[in-house]
There are 2 protein chains.
Amino acid sequence: MRLSPARYLPVLDWGRRYDRGALSNDLIAAVIVTIMLIPQSLAYALLAGLPPEAGIYASIAPILLYAVFGTSRALAVGPVAVVSLLTASAVGQVAEQGTAGYAVAALTLAGLSGAFLLLLGVFRLGFLANFLSHPVIAGFITASGILIATSQLKHILGVEAHGHTLIEMVGSLLAHIGQINPITVIIGGAATAFLFWVRRGLKPLLRRMGAGPLLADVATKAGPVAAVVVTTLAVWAFGLAERGVDIVGEVPQALPPLTLPGFAPDLIRQLAIPAILISIIGFVESISVAQTLAAKKRQRIDPDQELIGLGAANLGAAFTGGYPVTGGFARSVVNFDAGAETPAAGAFTAIGLAFAAVALTPLVYYLPNATLAATIVVAVLSLVDLSILRRTWDYSRADFAAVAATILLTLALGVEIGVGSGVILSIALHLIKTSKPHVAEVGLVPGSHHFRNIDRHDVATDPAILSLRIDESLYFVNARFLEDLIQDRVTDGCAVRHVILMCSAVNEIDFSALESLEAVNERLRDMRIGLHLSEVKGPVMDRLKTTHFIDHLNGQVFLSQYDAWRALSTAPPSNAAE
Amino acid sequence: MRLSPARYLPVLDWGRRYDRGALSNDLIAAVIVTIMLIPQSLAYALLAGLPPEAGIYASIAPILLYAVFGTSRALAVGPVAVVSLLTASAVGQVAEQGTAGYAVAALTLAGLSGAFLLLLGVFRLGFLANFLSHPVIAGFITASGILIATSQLKHILGVEAHGHTLIEMVGSLLAHIGQINPITVIIGGAATAFLFWVRRGLKPLLRRMGAGPLLADVATKAGPVAAVVVTTLAVWAFGLAERGVDIVGEVPQALPPLTLPGFAPDLIRQLAIPAILISIIGFVESISVAQTLAAKKRQRIDPDQELIGLGAANLGAAFTGGYPVTGGFARSVVNFDAGAETPAAGAFTAIGLAFAAVALTPLVYYLPNATLAATIVVAVLSLVDLSILRRTWDYSRADFAAVAATILLTLALGVEIGVGSGVILSIALHLIKTSKPHVAEVGLVPGSHHFRNIDRHDVATDPAILSLRIDESLYFVNARFLEDLIQDRVTDGCAVRHVILMCSAVNEIDFSALESLEAVNERLRDMRIGLHLSEVKGPVMDRLKTTHFIDHLNGQVFLSQYDAWRALSTAPPSNAAE
């Protein structure tokens with residue numbers, strides 16, 4: 001670990017080598033990302049239940065802070081879909097949407113999340129995020145995509161509806177179906193259809209028409225901007241706001257304000273668990289993107305420093321009118337593809353958004369919420385990937401169970417219970433799997449020094465010797481399994497005089513397993529049967545040597561299984577000598 | 001699995017071969033155990049907060065039922081210290097001691113525990129008990145011993161006191177210290193001192209005087225009976241009960257009554273978690289004793305059938321005025337040492353106790369509670385073993401942490417939180433350990449086909465090849481670790497052209513790890529570096545073949561690390577040819 005300032009301030013590293021070429025690349029990337037971010041920020045704020053400016057504010061200070069503290073060259077930090085949904089779910093439980101308390105709760109959530117990420121980073125605890133298995137993450141993202149898309153239907157239909165689970169949402173939509181606003185439906189439906197077409201059909205079309213890949217890509221990403229411009233103009237020109245179409249309305253024309261998160265102990269207690277969840281899910285999303293992009297340029301990401309960068313970004317959001325943020329997939333890829341070389345591109349994007357906040361906000365007054373909802377629906381449906389169910393089913397039933405439980409419980413009971421259950425289930429299934437490890441009885445492959453499973457290979461055995469290869473570390477969850485197994489094997493046939501445990505795949509023996517081995521040793525001694533070990537790994541043997549187990553062992557420790565066999569077998573050596 | 005009736009009724013197996021020799025041995029053992037059990041049963045009932053007869057009733061039907069369904073030849077089932085403490089703690093939370101509700105709650109606890117054990121047995125889920133690691137059990141037993149001994153001080157001092165944690169108990173004792181009854185203190189103190197002497201000093205003395213080991217042992221075990229007789233006579237002769245010495249008093253002179261546990265949903269909800277805890281702890285205690293004794297005679301215990309035996313015993317306790325029971329260590333060892341050959345010894349013990357319940361209960365009217373408390377204190381202090389702290393400290397800090405946390409939390413916050421925290425901590429520490437597995441960079445040992453850690457051995461390496469041996473199964477908790485590790489190793493030095501993962505100790509690759517390997521594969525391809533695997537185990541390879549990973553692998557799978565080295569190394573082959 002380097003303890004130089006550059007360890008905690010990566011900006012000192014890349015900033016020193018910054019030159020004109022990098023500057024121009026970063027500027028171009030910033031312009032492209034800024035254009036894409038304006039509608040996206042407004043839309044995600046809508047999803048989080050916050051006023052539209054919160055989305056823009058959440059993209060300014062956080063980006064700047066990440067540029068100073070983060071290690072990824074291309075990561076773009078700001079509001080993202082899943083974190084916005086988690087924010088809506090958490091804040092909705094402590095305050096009424098639209099109230100001042102709601103905004104303060106969102107700031108508090110960002111502050112808690114920032115503090116938690118910073119703590120994890122400073123204490124280098126980033127590995128805790130690994131407790132979220134890939135199946136749980138995949139299941140959660142898919143279920144979240146479905147939840148988010150459903151939650152936006154109310155804006156596209158122009159009705160009031162609430163709820164944090166799929167059943168609540170659908171029920172509420174059906175209950176309000178009579179209030180549908182036809183003009184809103186037309187705007188929302190057209191925007192959705194247009195954006196789907198842009199995503200699926202425009203790029204191939206442009207490529208066929210001879211456009212370069214970058215141009216086709218930029219045009220595709222600009223689709224939401226086009227939808228925003230056209231529908232805003234339509235609402236303004238035809239006075240649709242007076243005919244019941246919900247619009248964004250007044251957005252303060254100002255730089256991000258200085259704000260304070262809440263410090264009430266009660267509020268902090270209520271938001272602590274959601275903040276931890278948001279931090280970990282945000283971190284997992286961010287680090288995956290950052291590592292994928294860094295690998296393409298053979299750069300290095302420091303996960304613990306990433307926690308500090310994201311922590312600083314979230315604290316920044318908490319004090320400048322934002323809400324929880326993380327490194328987003330879509331915007332980071334655009335940033336990377338547009339040629340961003342350093343975090344300075346992010347800083348320029350922040351300047352662009354600050355300009356938008358000051359100068360462009362009056363232009364979105366007539367922007368219909370239905371258009372924003374359409375951009376969200378189209379974006380999140382690309383997250384929905386039910387093929388994970390089939391892929392895990394094919395590979396492993398335990399992983400399938402984790403995915404299926406996470407999806408079902410997230411949809412039925414909400415995001416927090418869904419992810420929590422997924423994590424607990426995947427840990428439980430793993431422990432249960434290791435509680436009954438694969439144990440092979442092995443024999444000597446004729447003409448070699450190798451030992452293989454007697455059920456799979458034609459090998460030499462000796463009725464007086466039971467050789468067991470244990471394919472798992474020995475620890476408390478499977479310690480008794482070994483006791484039972486040996487007890488089972490040596491009481492049935494009485495010819496066994498020696499038991500050899502082949503430990504080539506035993507990476508650890510914990511205290512429980514040590515006591516089980518001692519018990520096995522005692523029992524075998526009572527039966528006048530020897531207990532021997534072979535191929536014990538160095539670190540495992542080092543630890544066993546600190547105990548009296550080896551001294552009391554009713555047998556020997558052999559370097560290799562072949563040595564053990566040679567020393568103990570009384571069978572004719574014909575096979576081994578072949 | 002045999003599906004014959006003998007599978008579920010082991011009595012059919014041993015009953016068929018029962019003969020006169022076994023009968024006489026079983027009868028002798030039964031007489032010895034009965035004498036020992038009478039004071040013990042009364043004492044444990046006192047500990048559980050129940051009337052004295054409950055302890056005797058809990059030893060009759062349960063023993064008979066275990067004789068029919070259990071697989072151990074020597075296990076003696078009945079009330080034990082730790083389960084009595086757990087009963088007092090659980091039942092004390094739903095009813096006032098001394099009320100009818102308290103007794104019904106104890107019956108209900110036994111009924112729930114019996115039902116839970118039966119379910120575990122029928123579904124063969126006995127392995128779930130393994131989630132209690134040895135350090136957690138040892139810490140729990142030690143802390144329980146301290147709690148139990150402290151809880152009995154009130155009887156020895158003759159004061160009123162309450163509490164379920166050490167602090168509560170000591171505080172309550174200090175608050176009532178003024179009420180001390182001097183005569184009770186003399187009886188309790190003398191009985192305690194006598195029993196300690198019997199345990200420590202009597203046996204060596206008798207042996208020195210020429211007594212046989214069995215006689216010395218029986219005399220030692222009869223110590224509590226002697227203390228009971230002498231103090232009872234003293235209370236009766238000197239009329240001490242009128243001078244404030246608490247006595248057992250009236251005990252119904254009858255066979256066990258038929259009783260019904262409570263079926264109120266509220267009661268069941270409150271007792272469900274304690275019942276599960278009691279079941280698992282009781283099962284762990286019982287199976288350890290049963291296996292140790294069975295091994296001495298090369299007999300076999302079926303853990304799942306043991307669950308059924310213990311479940312039947314607890315259901316028996318629930319319907320005959322008892323409370324939760326399990327196979328006790330002390331009584332089983334006495335039974336075994338006295339020569340019990342079959343579960344019939346248990347049945348004869350039950351008959352002996354039934355006789356005691358009918359004929360002998362008037363004799364214990366003047367028995368002082370202080371004497372019973374003394375027998376408990378002396379018995380449980382032998383459970384306290386603080387050396388476990390030093391032993392685990394020497395062996396592994398993680399195991400030490402689990403022991404220390406279990407002891408401290410059990411003493412400070414009570415038995416349920418103590419055990420629960422111990423289990424969670426030991427699982428978390430195990431997962432954290434496997435989250436940063438040992439990975440060795442290996443090189444070729446000159447003159448052999450073996451590969452060893454380059455940091456420990458003088459081995460041949462090739463700057464273009466990075467060979468990593470991963471000493472752990474790859475699963476979600478450490479999947480990202482591998483990604484980071486490889487990313488870290490191949491960005492620093494650019495000479496690496498091939499990465500070889502040596503998988504001899506990888507017992508599993510789960511879906512998360514598969515996706516991480518796919519990501520590693522992608523990134524290495526972007527860097528034009530090959531990814532190869534060697535020594536992949538059969539079951540792991542079978543599973544990988546169900547995916548496209550092997551097809552897309554940016555390298556090859558080699559049977560052995562040596563094959564990989566030979567195929568990829570461009571270094572002069574001098575070392576390998578030596």
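1. The model is a predicted one, in which local features need pLDDT of at least 70 and side-chain atom pairs count only at pLDDT 80 or more, while totals for chains, interfaces and linings use all residues. Residues are numbered from 1 along each chain as its sequence is written, chains are lettered from A in the order in which they are written, and side-chain values use heavy atoms, with hydrogens and water left out.

2. Between the two chains, 76 residues of chain B are in contact with 77 residues of chain A, contact meaning heavy atoms within 4.5 Å. The buried area is about 6600 Å², and carbon and sulfur atoms give 53% of it; buried area is the accessible area (1.4 Å probe) that two parts lose on being put together, summed over both.

3. Six salt bridges are found across the interface of chain B and chain A, a salt bridge being a side-chain nitrogen of Lys or Arg within 4 Å of a carboxyl oxygen of Asp or Glu. A:Lys433 forms a salt bridge with B:Glu508, where the closest N and O atoms are 2.6 Å apart.

4. On the side of chain B that touches chain A, the helices that each supply at least two residues include α8 (134-157), α13 (265-296) and α21 (476-492), and the largest share, nine residues, comes from α21(B). Helices here are DSSP runs (H or I, at least four residues), numbered from the N terminus.

5. The largest nonpolar core has 271 residues, and those with the most contacts inside it are A:Leu501, A:Ile509, B:Leu501 and B:Ile509; α13(B) gives the most to this core, with 15 residues. Such a core is a set of buried Ala, Val, Leu, Ile, Met, Phe, Trp, Tyr and Cys residues joined through side-chain atoms within 4.5 Å. Leaving aside neighbours within four places in sequence, B:Ile509 is in contact with residues including A:Tyr395, B:Leu474 and B:Val540.

6. B:Thr406 lies in helix α19 (residues 397-413) of chain B and is buried, with a relative accessible area of 0%, where buried means under 20% relative accessible area, exposed over 50% and partly exposed in between (1.4 Å probe, protein chains only). Not counting residues up to four places away in sequence, B:Thr406 touches B:Val136, B:Gly139, B:Phe140, B:Gly418 and B:Gly422.

7. A:Leu112, in helix α7 (residues 100-122) of chain A, counts as partly exposed at 21% relative accessibility. Residues up to four places away in sequence not counted, A:Leu112 touches A:Ile268, A:Leu271, A:Ala272 and A:Ala275.
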